[in-house]
Every structure is written in structure tokens, then in C-alpha cells.
Amino acid sequence: MDMDMAYYLLTEPKKGKENEAVVSPAKEAYRRLLAEKLLGSRTRILAFRNKPPEPEGMLPQILFETPTSSQTKPTKQRRKIPQVCQLLYCLWIFWFFRQLALFCWLHHAWIASFFQFAERTLDAPGVVDDYYLNVLDWGSKNLVSVALENTLYLWNASDSSTSELVTVDADYGPITSVSWACEGQHIAVGLNSSDIQLWDTSSNRMLRTLRGVHESRVGSLAWNSSILTTGGMDGKIVNNDVRMRSHMVQTYRGHEAEVCGLRWSGSLQQLASGGNDNLVHIWDASMASSNPSLGHNRWLHRFSDHLSAVKALAWCPFQSNLLASGGGGNDRCIKFWNTHTGLCLNSVDTGAQVCALLWNKNEKELLSACGFVQKPLTLWKYPSMVKLAELEGHTSRVLCLAQSPDGPTVASVAADETLRFWNVFGTSEAPKPAAKTVHTGMFSFSHIR
């Protein structure tokens, strides 16, 4: 804040520089002495004691350049993406899904079995929703017969073709039962009018009509060589020799209500019958009366353990004296019988009306068809009766089951008016004929898995 000193310091160097040529040595010595006396050890006013810090970074030179009229802002170039990689990726995705579709098409039967879906589904409009009827059968020549009200249709499982065999008059219908003869060419058709028709499917010709056998509808049929056993609502069971003019050869009497289930054993020596009187009878072939006018014949065994009608009957293929029977809505049980001793071996509550039973020909397994449940088809392990699988697809109760001649495939017809095929029992040793055509008639494909 010494103004005199400040003035001296500001003006003296300038004067000296301007008059550097005319300054005498004595005067120069005087100036240095005067500066030393006045300044002493003081430094320059407002001088930095240390060197100022360097800037952290140099600013881009473009900020200090003044743009000219000839300079323009550079245009941003578009980023290039390799198109070859995208194309290869799309081709890989296409190939993957094509291979997946091909695999599913080649192995649709295995996939349907693994996920428990029907292998094939056909429309069956007009099927009669009646627990006591037997309107489905599968013949040894791979023909499936199903009765839809007054019409009987045949579906060829070898080439997927469908044909109409017969349509009966409304006065005689509906068709209440069907059963293939052992050779797979002839089929018996039971009617609501109590008549039984015999048809030759190779020529689509009716061979004969059996009349007077029953007094009301014929709901169950079973073949034993040339003997056709019929069961009616009148409670009678009649053996008819279809080769004879007087066809009624033997009669079994024991049921007081409609006979809705008939099955001959594998040896053809024992007949199992189930009725709406909640009874199961075992008949020996030699015990039938040859005179229909005789009274009640003596059955081999009578089982009265069921609490409801018994329609489901199945003879075990690996144990000749083992019979499985299923009861109706008030019973809901599957029972196993030793037909030699007459003892009940086991009883399992399924929780639903048992409509049909089928044994696996190759494994110790049993398939049951039930009514009024979400999953009406159940595969059981015998003898533990542990559930192996529950088959999904039908939305209403299953009325009948039929097994393919080679064994692995099962057909089921239900009140939801569908006929479904299930590869539930595995693969047979003999390969099944491949389907060649697809028919879109009455059994048009509504769903294929």
C-alpha cells in the first residue's frame, strides 16, 4: 500500500528501457542503490509465490477455432449391421422348428402316450348316453363298430376309412348292443325292439334276424365260437347257435333285472354276467339248461357285494380264474374275484361310476372307464392298484371301451359324442398297419394329437 514505492517500481523500469542508450554508469549505480534502500528484501507486489497449477486437460482445439463459411458440421454415418449373421440366425430358427415338427409328426403316438392325450379323436354325434348299453366293439380284422342312435358305422383302423353298415327303422331302434364274431367278419346287432340282427361285413349283407329271444331290448352280447350269448332287459341270458334254424339252445336264469354285462372267459368255459340287480353271476358252460321252459338254473357263483348295477366285466389274460367287475354310481368299486373259490380278492373305491374295464394283454395293468369325473380314464397297476396314469380328453362320462386286436390301443366312446383312441398299453410287437387315407365323413377328425 506504499504508493510512492509502487509508482517507482512501475515507472522506473520503463524509463530506463526507453532511455537505455543515454544512461551514465554513475547514474545507473545510483538507481540500484536507491532501489536497494527502498525495497530492502521485499519482492514484487501481487506476485505469485508459486507457479500456478497447470490445467487438468487441454480443451479441444476446435472450441478455439472460429468456423468459416466453408466449414460445415460433419454428417453422422449410419452404423452397418452384418446381414449375413441375421440370415444365418433366421435359417437356424426355421430349421429347428421344422425338425421339431417332423419329430412330432413321426412320434405323435409316443408323445400322445407320454402326455396322456388321445392319439386320435373322431366325431360320434348321436351316441346314446345310456349306461346299460354296449355300443362299441373292435373286431379281429381291425374294424371298429360303433352305434350312433339307429345307425351302425364301421371305421377301418388300417386305412382310416368309414362306412355305414345299417340304419334300422325308428320302430326297432335305437341300436343297443354290438359284438364282433371271433373271425372278425360277422357282427351281431342288438336292437331296442328285442330283435338281434346278424350281418356279414364283407358283403354288407344281413344274414338273418333272431326274434323271440327276449321280451325287451337286448343290451349285451358275447360270442363263444358259433354261439351268440344275449342278455336282455327281461333278465334272461340265452345261448343262440347261429348255424341252426332253432337258434335258442341254452338259457341261464338268475338275474331279476336287466343284464347289462356279458363276458366269456379266455377258455370259453365260464361266462360272467352282470345285471341291474347288483349281482354278478359265474356260469359254467355245462350248467346251462337246454330247455328254456325250465326254472332258474344253478349258477357256479353268485356275487352280491356290489351296491349298484354291474356292467363292467373283464377276465384277466394272465390268470384264467381272475375276474374284475365294476359297480355303478352307488357302488363305485372295482372288485376282483377268484372264480374257482368264489372269494373276493380285493375291492378298490374309484370314487365314480365304473362303466367299463380292460386288461393289458402284456403287462399287469387294468384300465377303468368311469362316469361323472374330470378324468374318466384311469390306468391301474395290478395287484397294488396304484394309479399309473389318468387320461385327459373326454368331457363327459365314458360309456364303452374296446381294445385293438394287437392289444396296445384302446377305443373309448363317451357322452361328449367323441370316439377317442389311446395308445395306453404301450407298443405291440407286431407293427400296426400305417394309415393311408383320412376320411372326413361321419367320423371326421375333430382333433389329432
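User: Helices (H or I, at least four residues) and strands (E, at least two) are DSSP runs, numbered from the N terminus. Which helix has Tyr89 in it?

Analyst: Tyr89 sits in helix α3, which covers residues 83-106. This is a predicted model, where local features need pLDDT of at least 70, side-chain atom pairs count only at pLDDT 80 or more, and totals for chains, interfaces and linings use all residues. Residues are numbered from 1 along each chain as its sequence is written, and side-chain values use heavy atoms, without hydrogens or water.

User: Is Tyr89 buried or exposed?

Analyst: Tyr89 counts as exposed because its relative accessibility is 55%. The cut-offs are under 20% for buried and over 50% for exposed, with partly exposed in between (1.4 Å probe, protein chains only).

User: Switching to strands. What is the order in the open sheet of 4 strands?

Analyst: The order is β22-β23-β24-β25, and the pairing is antiparallel. Pairing takes at least two DSSP bridges between two strands.

User: How many bridges join β24 to β25?

Analyst: There are 5, and β24 spans residues 377-381. In one of these pairs, Leu377 has Leu391 of β25 as its bridge partner.

User: What lies in the loop between β24 and β25?

Analyst: Pro383 is in that loop.

User: OK, phi angles. What is the phi of Ser225, and of Glu417?

Analyst: Ser225 has a positive phi of about 60 degrees, though it is not a glycine. Glu417, also not a glycine, has a positive phi of about 65 degrees.

User: Where are they in the chain?

Analyst: Ser225 belongs to the loop between β10 (218-224) and β11 (227-232). Glu417 is in the loop between β27 (410-414) and β28 (418-422). Glu417 has 36% relative accessibility, so it counts as partly exposed.

User: Last topic: where does UniProt put "repeat: WD"?

Analyst: The unreviewed UniProt entry lists that feature at residues 168-209, 252-293 and 391-424. UniProt positions follow the numbering used here, feature names are shortened, and annotations may be inferred rather than shown by experiment.

User: What does the model have over 391-424?

Analyst: The chain there is 50% strand and 0% helix, and its end C-alpha atoms are 9 Å apart.
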